[in-house]
Amino acid sequence: MFLIILLSCLHKMPLMNVMVPPIPLYRSTENGERLYVEADLGSGGPYYFLVDTGASISAIRPDIVQSMGLNAKRKDGYLQGVSGVSPWIEATVPSVAIGNQKFRQVDFAVGVSGIPEYAGLVPIAGVIGNNVWQEFIVEIDYGKETLRLHNEFEMPESSQSVAFNGQHILAEA
């Protein structure tokens, strides 16, 4: 009887007590502005991707798509980014793991111009964009160089509220 009562209490555990493990982020230099994350694509690797919360879709190098034996298909339209316009060629990677999060059937744009090929001496596989990040509340700690992907998130009561006026984040001093 005691065991049944104890188990009935467990389902009410608050979400904020569940710790989301940090995922390491990397920089090309000590003070580098760009952040990279390691991803497991199910074959080869390790693969390092630029973390880009402003990219609508993830992108990958053509040679990786070819080495994985994936089909790349031309889509209608073009992709436009900071470095110009590229034809929209897409491949679907069957399995992608970032930290303890696993994704199935992730679409990647292939051969997008302007994606860095190297960060220092480390080859860069591409970009992870919002088609992956949109599934989570993304927490990036630039100082600790970590990423946390929250399914749900509650801010502690001690957190400071901020406002966004369309151009700037406003916080009380």
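Which residues form a nonpolar patch on the surface? I found Val-162, Phe-164 and Ile-169 there, with about 360 Å² of accessible area together. Patch members have over 30% relative accessible area and no salt bridge, with like charges joined within 9 Å and nonpolar side chains (Val, Leu, Ile, Met, Phe, Trp, Tyr) within 5 Å; a salt bridge is a side-chain nitrogen of Lys or Arg within 4 Å of a carboxyl oxygen of Asp or Glu. Areas are Shrake-Rupley values with a 1.4 Å probe, and for residues only the protein chains shown count as cover.

I noted that this is a predicted model, in which local features need pLDDT of at least 70 and side-chain atom pairs pLDDT 80 or more, while totals for chains, interfaces and linings use all residues. Residues are numbered from 1 along each chain as its sequence is written, and side-chain values use heavy atoms, without hydrogens and water.

I looked up Phe-164 in strand E12 (residues 162-164), strands being DSSP runs (E) of at least two residues, numbered from the N terminus. Phe-164 counts as exposed because its relative accessibility is 58%, the cut-offs being over 50% for exposed, under 20% for buried and partly exposed in between (1.4 Å probe, protein chains only).

I then turned to Tyr-47, which lies in strand E3 (residues 47-51) and is buried, with a relative accessible area of 11%. Leaving out residues up to four places away in sequence, I listed what Tyr-47 touches (heavy atoms within 4.5 Å): Val-37, Glu-38, Ala-39, Leu-41, Ile-64 and Ala-125. The C-alpha atoms of Tyr-47 and Ala-125 are separated by 5.8 Å, although the two residues are 78 apart along the chain.

Technical notes:
Helices (H or I, at least four residues) and strands (E, at least two) are DSSP runs, numbered from the N terminus.
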